[in-house]
Amino acid sequence: MMGGEAIHGGGDWKRGRAWAGEWNRRLMDTLRRAETRAGRTLSRNEILDIAAEALEDDQLPMNFVSWRGR
């Protein structure tokens, strides 16, 4: 398993969501705490800075892919 797959449950989203340390859940918890401390909604750039730090902490590449819808 490589970085993102390991963090997200090895490609099995159900297994990944069941793990307490799942990356998305940890990031959302971090963002909620940051908003509580700030007493306001975070800006886009503040969110991206926090996400970048979380990716770096877990040694994951910071590659964003645009979603174009269906």
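The largest pocket has a volume of about 170 Å³. The model is predicted: local features need pLDDT of at least 70 and side-chain atom pairs pLDDT 80 or more, while totals for chains, interfaces and linings use all residues. Numbering starts from 1 along each chain, and side-chain values use heavy atoms, without hydrogens or water.

A pocket here is an open set of points on a 1 Å grid where a 1.4 Å probe fits, with protein on both sides within 12 Å along at least five of seven lines; lining residues have an atom within 4 Å of a point. Helices α3 and α4 each supply at least two lining residues. Among the lining residues are Trp 23, Arg 26, Glu 53 and Asp 57.

Helix α3 (residues 23-38) packs on helix α4 (residues 44-57) at about 135°, with axes 11 Å apart. Contact (heavy atoms within 4.5 Å) involves Trp 23 and Leu 27 of α3, and Ile 50 and Ala 54 of α4, among others. Trp 23, Leu 27, Ile 50 and Ala 54 also line the largest pocket.

| Site | Nonpolar | Polar | Charged |
|---|---|---|---|
| Contact of α3 with α4 | nine residues | one residue | no residues |

Note on methods
Axes fitted to C-alpha atoms, helices over the stretch in contact; angles between N-to-C directions. Helix = DSSP H or I, 4+ residues; strand = E, 2+ residues; numbered from the N terminus. Nonpolar A, V, L, I, M, F, W, Y, C, P; charged D, E, K, R; others polar. Points joined across faces, edges and corners; volume = space filled by probe spheres on them.
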